[in-house]
Amino acid sequence: RHIDAPQGHMSLLLLILAIWAINGSWGVEKLPRNKIPSRFEPLKRSGPGPSVHLLDLTDTSRGYEDVWMLQKALVEHRLHLRRRPDASGGETLGILEEQLSKLTLDADIPAQNADFLVLVEHPSTYTLGTGSTEENVRFSEEERQHHQLIRTERGGEVTWHGPGQLVVYPILDLTDYRCDLHWYVRALEEMVIGSLEELQVADVGRIEGLTGVWSGDEKVAAIGVKVRSWVTMHGVAINVDVDASNGFNRIVPCGIATRGVTSISRSRPGVKMEDVKRAVLDSFQRVFEARIVADR
């Protein structure tokens, strides 16, 4: 994929991509199931929590690969500032600003250490986790010419992103929360559960041994994450008002053939994306004991 960047930043960008290619990938599917706690344990901070800067990209559909590159730039910038807290960001800030420009997004990037929460709605896209099998992809080689299928470095099996789905990408330094990937996955689930309970979605919760959030025995939110040096990327896809028979019928969602997929709108007909976003942000602040700062 061609990346249009000034020559001064190109060498650093290529180095970043090389580091991402060789860096170990952490996926939910690699966690020992018998060691994953089934309940969320609150942080119980003794003082104020960190600020998390909101990047809301839901004003229009955003291409998956563009937002993926933005996530990588945010992680690299976060790690750079952790290593050099007195620095201004240097070239990592320049690359980050270029990615924001590609998304026609004018946002103030803080010069100090900062976490981010990216909200987005993608066009129809299928993604595979780093270790997922293509056996769960049901369309033929010929049909693949008409569908975008991308292998990523997140955990989990194949899933679908598309219109009517809210995707939440937290870029968090877990050293400010809890350095425990099991805890982080449970926290993401807790964030969604709190959101959906606020929206009065029926029968919301977890299913023992399975990752994600469920309404009855159907999945309403899927989780797949990547953690690099305790900084997170990828995240949660919440089905707000999607046609499950359209996007998900060409795959075995998350590799689970025995359970279906649902949307919030099935319990709450006419639910608005803005209402779901508001509930997610409120729940995020409660679960992660952090403060959302809206940059735009």
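I started with Glu189 and Arg186, which both lie in helix H5. They are 3 residues apart, about one turn of the helix. The model is predicted, and I read its side chains as such. The side chains of this pair meet in a salt bridge, 2.6 Å from N to O. Buried or exposed, I asked of Glu189 and Arg186? Both are buried.

**Helix H5, Glu190.** Next I looked up Glu190, also in H5, which spans residues 181-198. Its relative accessibility is 25%, so I put Glu190 down as partly exposed. Which residues does Glu190 contact, beyond its neighbours within four places in sequence? I found Phe40, Arg206, Ser283 and Val287. I then checked Ser283, 93 residues from Glu190 along the chain. The C-alpha atoms of the two are separated by 8.2 Å.

**Nonpolar core.** I turned to the largest nonpolar core, which has 44 residues. Tyr177, Tyr184, Leu196, Ile264, Phe284 and Phe288 touch the most other members. Several elements supply at least two residues each, including strand E1 (51-56), strand E9 (218-228) and helix H8 (273-288). Which element gives the largest share? It is H5, with 9 residues.

**Tyr184.** I listed the contacts of Tyr184, not counting residues up to four places away in sequence. Tyr184 touches Pro170, Leu172, Leu174, Val225, Thr232 and Phe288.

**Aromatic pairs.** I searched the whole structure and got 8 aromatic pairs. I picked out Tyr177 and Phe288, whose ring centres are 5.9 Å apart. Why is this pair edge-to-face? The planes stand at 85°, and edge-to-face takes an angle over 60 degrees. Tyr177 sits in the loop between E6 and H5, Phe288 in helix H8. The pair links distant parts of the chain, 111 residues apart. Tyr177 has 9% relative accessibility and so counts as buried. Phe288, at 0%, counts as buried too. I also traced one aromatic cluster, formed by Phe40, Tyr177, Trp183, Tyr184, Phe284 and Phe288.

**Charges over rings.** I looked at two cases. Lys72 lies over the face of Trp68, 4.4 Å from the ring centre. Arg259 lies over the face of Trp214, at 5.8 Å from the ring centre.

**Salt bridges.** I counted 17 in the structure. One of them joins the side chains of Glu41 and Arg178, at 3.4 Å from N to O. Glu41 is in the loop between helix H1 (7-22) and E1, and Arg178 is in the loop between E6 and H5, so the pair ties together parts 137 residues apart in sequence.

I then checked Asp115 and Arg78, whose side chains meet in a salt bridge at 2.8 Å, N to O. Asp115 belongs to strand E2 and Arg78 to helix H2 (residues 64-83), so this pair ties together parts 37 residues apart in sequence. Both Asp115 and Arg78 are buried. Last, I followed the links around them. A network of salt bridges connects Arg78, Arg82, Asp115, Asp173 and Asp176.

How values were computed. Residues numbered from 1 in each chain as written. Predicted model: local features only at pLDDT ≥ 70, side-chain atom pairs only at ≥ 80, totals over all residues. Heavy atoms only, no water. Helix = DSSP H or I, 4+ residues; strand = E, 2+ residues; numbered from the N terminus. Buried < 20%, exposed > 50% of the residue type's maximum accessible area, 1.4 Å probe, protein only. Contact = heavy atoms within 4.5 Å. Core = buried A, V, L, I, M, F, W, Y, C linked by side-chain atoms within 4.5 Å. Phe/Tyr/Trp six-rings, centres within 6.5 Å; stacked < 30°, edge-to-face > 60°. Lys NZ or Arg CZ within 6 Å of the ring centre and 35° of its normal. Salt bridge = Lys/Arg side-chain N within 4 Å of Asp/Glu carboxyl O.
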